[in-house]
Amino acid sequence: MSPSAPTLPAAAPSRARRALAASCLLAALALPGLPRPAAAAEEVPFITTPDHVTLAMLELAGLRAGEHLIDLGSGDGRIVITAARRFGASGLGVELDPALVQRSRAAAQAAGVQARTEFREQDLFATDLARAQVITMYLLPAVNLQLRPRLLALAPGTRIVSHDWDLGDWAPERTLTLDVPDKAIGLEKRSRVHLWVVPARVDGRWCGPAGTLTVTQRFQAFSATYEAAGLPAPLGVHDGRILGTRLSAVQPATGSTLELEAGRDTLTVRRALGGGTPATGAVFQRAGPQGCPADPPARP
Ligand SMILES: C[S@@+](CC[C@H](N)C(=O)[O-])C[C@H]1O[C@@H](n2cnc3c(N)ncnc32)[C@H](O)[C@@H]1O
């Protein structure tokens with residue numbers, strides 16, 4: 001789909017509002033990564049994402065018809081409305097300001113997408129995010145960090161796109177920079193949009209038909225050590241990346257590769273090449289408290 005530019009009205013923040021926005025943003029910038037109280041969320045000012053940045057966010061997310069998007073702090077509703085009108089998605093916008101919620105509903109009606117959009121006057125921290133395939137946000141760095149544990153707990157493969165602010169040391173998969181000549185805040189007349197894909201949670205030990213796999217994970221990075229039963233030393237340490245439920249890794253020294261698919265409690269080997277890897281098709285189960293069946297019995 002090739003969406004054309006939407007025609008939602010641009011917001012014209014008042015001078016006072018811009019000053020508040022700038023001071024909030026600068027305050028947040030001065031305290032990178034510091035935890036802030038929940039009240040920090042209420043400091044997020046209303047500033048609209050320009051229409052070309054909205055389109056770039058939704059394209060970066062790879063939003064498809066029939067998918068569900070949630071915009072956290074939905075302002076005048078433009079991201080949700082564009083998602084419905086141009087991409088064929090359904091969407092929910094949650095917003096604290098009742099006047100903006102009303103404005104969003106009216107704009108959705110005018111755009112003819114009221115059946116696929118919903119706007120709630122609701123705190124984003126009290127919103128159930130489980131239904132979304134895509135989450136969008138234009139908040140503040142400290143608020144993003146407060147949200148991060150909830151985002152990481154979403155279904156693997158959920159895409160998250162943030163305007164300008166990142167998620168601390170959870171590195172994005174991709175970042176785009178766009179020119180925004182009339183940007184209301186900041187000296188740099190540019191916006192950044194970042195994409196993350198929630199990784200499957202694979203940390204731990206896994207039991208396979210002919211050995212065990214031990215995985216250590218940090219966000220979408222992982223390393224895996226395969227120990228084949230009956231052999232004294234581990235056969236391979238692979239460093240790799242997780243994209244949703246897909247894990248892929250290469251052993252730099254030998255060039256052997258390993259590709260895995262994460263299920264709820266399984267890891268299936270989709271492809272294994274080279275030495276030190278389990279067999280293609282092997283299915284690993286998450287180890288229980290007793291370890292793996294092939295483990296030597298504990299010494300008395
Ligand atoms: C920077 S604006 C972004 C608006 C819209 N998402 C966009 O990109 O055009 C942030 C919005 O979040 C809203 N907001 C702030 N804290 C919130 C919270 N805890 N729950 C819901 N909305 C919140 C603000 O009222 C504001 O409208």
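Predicted model: local features only at pLDDT ≥ 70, side-chain atom pairs only at ≥ 80, totals over all residues.

Q: How many residues of helix α3 are buried?
A: Burial is a neighbour count: a residue is buried if 20 or more other C-beta atoms lie within 10 Å of its own, exposed if 12 or fewer, and partly exposed in between, with C-beta atoms placed from the backbone. In helix α3 (residues 78–87), 10 of the 10 residues are buried, so the helix is largely enclosed by the rest of the structure. Among them are Arg-78, Arg-85 and Arg-86, as well as Ile-79, Val-80 and Phe-87.

Q: What covers the buried residues of α3?
A: Contact means that two C-beta atoms, placed from the backbone, lie within 7 Å. The cover of α3 includes the helices α2 (51–60) and α4 (98–111). It also includes the strands β1 (68–72), β2 (90–95), β3 (117–121) and β4 (134–137).

Q: Which residues touch the most other members of the largest nonpolar core?
A: In soluble globular proteins, nonpolar side chains tend to be buried together. A nonpolar core is a set of buried Ala, Val, Leu, Ile, Met, Phe, Trp, Tyr and Cys residues joined through C-beta atoms within 7 Å. The largest has 43 residues, and Leu-63, Leu-69, Ala-83 and Leu-139 touch the most other members. Helix α3 gives the most to this core, with six residues. A second, separate core has 18 residues, including Trp-206 and Leu-258.

Q: What is the strand order of the open sheet?
A: Strands of a sheet pair through backbone hydrogen bonds, either parallel or antiparallel. Pairing here requires that DSSP finds at least two bridges between two strands. The open sheet has seven strands in the order β3-β2-β1-β4-β5-β7-β6, with mixed pairing. β3 and β6 stand at the edges with a single partner strand each, so one side of each has no neighbour in the sheet. The twist averages 15° from one strand to the next. Angles run from 0 to 180 degrees between N-to-C directions, and axes are lines fitted to C-alpha atoms, for helices over the stretch in contact.

Q: How many bridges pair β2 with β3, and which helix packs there?
A: β2 and β3 pair in the parallel sense over five bridges. Leu-92 stands opposite Glu-118 in β3. Helix α4 packs on the sheet and touches β2 and β3; its direction makes about 170° with that of β3.

Q: Which strands form the closed barrel?
A: Eight strands close it, running β8-β9-β10-β11-β12-β13-β14-β15 with antiparallel pairing. The twist averages 30° from one strand to the next. Four bridges join β8 (residues 204–207) to β9 (residues 211–218). Cys-207 stands opposite Thr-212 in β9.

Q: Is Asp-164 buried or exposed?
A: Asp-164 is buried, because 23 other C-beta atoms lie within 10 Å. Its phi is positive, near 70°, in a residue other than glycine. Asp-164 lies in the loop between β5 (159–163) and β6 (174–179).

Q: Where is Phe-219 found?
A: Phe-219 is in the loop between β9 and β10 (221–228). Its phi is about 50°, positive although Phe-219 is not a glycine. Phe-219 is partly exposed, with 17 other C-beta atoms within 10 Å.

How values were computed. Residues numbered from 1 in each chain as written. Helix = DSSP H or I, 4+ residues; strand = E, 2+ residues; numbered from the N terminus.
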